Amino acid sequence: MNSEDVAGDPPVSYGTGSLSTGAQIAGSFGSTGRGPRLLSGGGRRAVVVSTASTLVVLAALVLIFWLAPGSAAVRHTFFDPADMWQSFIGDPKKGYYSVGAAIWLNIRMFLAAEVLILALALAIALVRMSTSPVMFPFRVLAMVYVDFFRGVPLLLVVFAIGLGVPALRLPFVSAQSAAIYGVAALVLSYSAYVSEVYRAGLNSVHRSQVAAARSLGLSNGTALRYVILPQAVRNIVPPLLNDFISLQKDTALVAVLGAIEANEAAQIYSATVFNFSSFTVAAILFLILTIPLARFTDRLIERDRRRRLAGVGP
Amino acid sequence: MKRGFVAAAAAAVAAAGLAACGSSAAPGAGSSTSSKISCTYSGIQNALYKKGQLTVATDEPAYAPWFENNNPANGKGYESAVAYAVAKQLGFKPSQVHWAYEPFNDSYAPGPKKFDFDINEISYTPQRATAVTFSNSYYNVTQALVVMKNSPIVSKHTPAELKTYIYGDQLGTTSLQFINSEIQPDSTPKIYQSLNVVASALQTHQIQAFVTDTPTAQYMAADQIPGAQMVGQFPSADEHYGLLFTKGNTLVGCVNKAITTLTADGTLSALQKQYLGIYQDVPTIKP
């Protein structure tokens, strides 16, 4: 353990001598494979100080908010409990819909889009990574696809699919609901991004892995399926989840087609009664959806890092 | 016309009463100035957004027949003409009227505004009046039904039949509220960000009908959507358009006085005849 004392640290034993703050943790960083811990392991004093500091900062923010000249108007417009409840339960006869029920459409759109994106993006990435001369035109197509859909604003894609496809008046294809067109647009756009994530993952697996697999007598396809893909996918789980958190929120863009999802329901409420509290409700619902996924991503990243640094092979 | 005038007066009285209740309960906003100001040109100066000019706001684009050529400053179109008539009553020359751009969805946000009042076909409702201040009625609204010419709705629109169609409308409008509360269709209406998107949804057969105020409906059916038709208007539900002010704005009292004068001397009904006249002889259907 590092012998130098942290300035101002009282000479008290904390029970376990290795637990301390600042320089000592910096010294131990790396040897255990754990970074400096922000909330745990800082000792009782650090916990007290951090708690007090957090409370002071929070109190200052709340005070500024409460004492601002327009505070009453802002609280009424954005955080009125009665309006929040009304918009949460909805009342079509009064012209607005339940934000709480509408978030269910976001969830369904997100789940459907996620599955399709994972499949389509993988196909695009594999085409782009292929080496066979026969595949050349498809490689060019895949490249154009990715360039195009990454470059075009998602909202334009949503409009083009949602208003253009029904206008074609094809049987079946032109008779779908706005949510279906919205999911199609999300899949088209996000597949382009996610295929690049896949490609990065596939590139991150060393060529020797392919060589080793092939030398064991595995075919190209089998090597890909059992050797390359599992390693590639594990490397890209965090960026994939990151994209999916973003996808959850972008389901709100489908609102422009007339699908009543949470954001749309919130805007309808707001425009009907001239109060924005419905958006606060929608924001809370989106947070309830995205925060668990964000924490799960953090856990995966941490677990992966620990494994690697502990030398447990990939 | 006579009946319309009586209804307008009644609505104006009712709105004045509600506006008075609203302003006495208003929290804080604009309370530094006294709630009563003298309605002379010099008396209103301190209540203006910018002294020496009347700043009037509307959305972009500004639609016919409320405005003409998307140019509010030409004094043509019903709402533009009303704005200039009100300005004249308050003692402004036409050159002192300045126009500001205010999207509908921003117009009711709290805080100071960049205009004296907003004129943008905004319907008065008691709930909305808790967030903003409305003037008295400058137009009494009826809702009308727009469909495509080849649609069965043209001939089949009994209240029971009306329930079976697929509707669409702009979000947050009283027209959408009307569909849900009066027509009560079997399937949920589709909701769009603007009437433009509603119009293209009608053309691409994603919806069978939409509802909007009668002048707008007539204009869209005749000039904006090829192959569309206005079936008729619904009976009045005592709805009216009011000028929108920041909550607690003291200018509203003087503007209400101006509107009362303009109603009494027949200016408003003359402007309605001039700009909305062709829209006033419309068959009535039941929701």
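This is a predicted model: local features need pLDDT of at least 70, side-chain atom pairs count only at pLDDT 80 or more; totals for chains, interfaces and linings use all residues.
Visitor: What else describes chain B as a whole?

Guide: Chain B has nine helices and 10 strands. It holds 287 residues, and 48% of them count as buried.

Visitor: Why is helix α7 of chain B called largely enclosed?

Guide: Count its buried residues. A residue is buried if 20 or more other C-beta atoms lie within 10 Å of its own. In α7(B), residues 214–224, eight of the 11 residues are buried, so the helix is largely enclosed by the rest of the structure.

Visitor: Which residues of α7(B) are buried?

Guide: They are B:Thr214, B:Pro215, B:Thr216, B:Ala217, B:Gln218, B:Tyr219, B:Met220 and B:Ala221.

Visitor: What covers the buried residues of α7(B)?

Guide: The cover includes strands β5 (143–148), β8 (209–213) and β9 (228–233) of chain B. Helices α6 (195–203) and α9 (267–276) of chain B are also among the covering elements.

Visitor: Helix α9(B) also packs with α2(B). Why is α2(B) called roughly antiparallel to α9(B)?

Guide: Look at the angle. Helix α2(B), residues 78–89, packs with α9(B) at about 155 degrees, and their axes are 9 Å apart. Angles over 145 degrees count as roughly antiparallel. Therefore α2(B) is roughly antiparallel to α9(B). The crossing is right-handed.

Visitor: Which residues make this contact?

Guide: From α2(B) come B:Tyr78, B:Ala81, B:Val82 and B:Ala85. From α9(B) come B:Thr267, B:Leu271, B:Gln272, B:Tyr275 and B:Leu276. By class, seven are nonpolar, two are polar and none is charged.

Visitor: How many residues bring chain A and chain B into contact?

Guide: 26 residues of chain A are in contact with 26 residues of chain B. Two residues count as being in contact if their C-beta atoms lie within 7 Å.

Visitor: Which elements of chain A give two or more residues to that side?

Guide: They are α3 (71–79), α7 (154–167) and α11 (262–273) of chain A. Helix α11(A) gives the most, with seven residues. The chain A side divides into 14 nonpolar, nine polar and three charged residues.

How values were computed:
Residues are numbered from 1 along each chain as its sequence is written. Chains are lettered from A and ligands numbered from 1 in the order in which they are written. A residue is buried if 20 or more other C-beta atoms lie within 10 Å of its own, exposed if 12 or fewer, and partly exposed in between; C-beta atoms are placed from the backbone. Helices (H or I, at least four residues) and strands (E, at least two) are DSSP runs, numbered from the N terminus. Ala, Val, Leu, Ile, Met, Phe, Trp, Tyr, Cys and Pro count as nonpolar, Asp, Glu, Lys and Arg as charged, and the others, Gly among them, as polar. Axes are lines fitted to C-alpha atoms, for helices over the stretch in contact, and angles run from 0 to 180 degrees between N-to-C directions. Angles under 35 degrees count as roughly parallel, over 145 as roughly antiparallel, 65 to 115 as roughly perpendicular and the rest as oblique. A crossing is left-handed if the near helix is turned anticlockwise from the far one by less than a right angle, and right-handed if clockwise.
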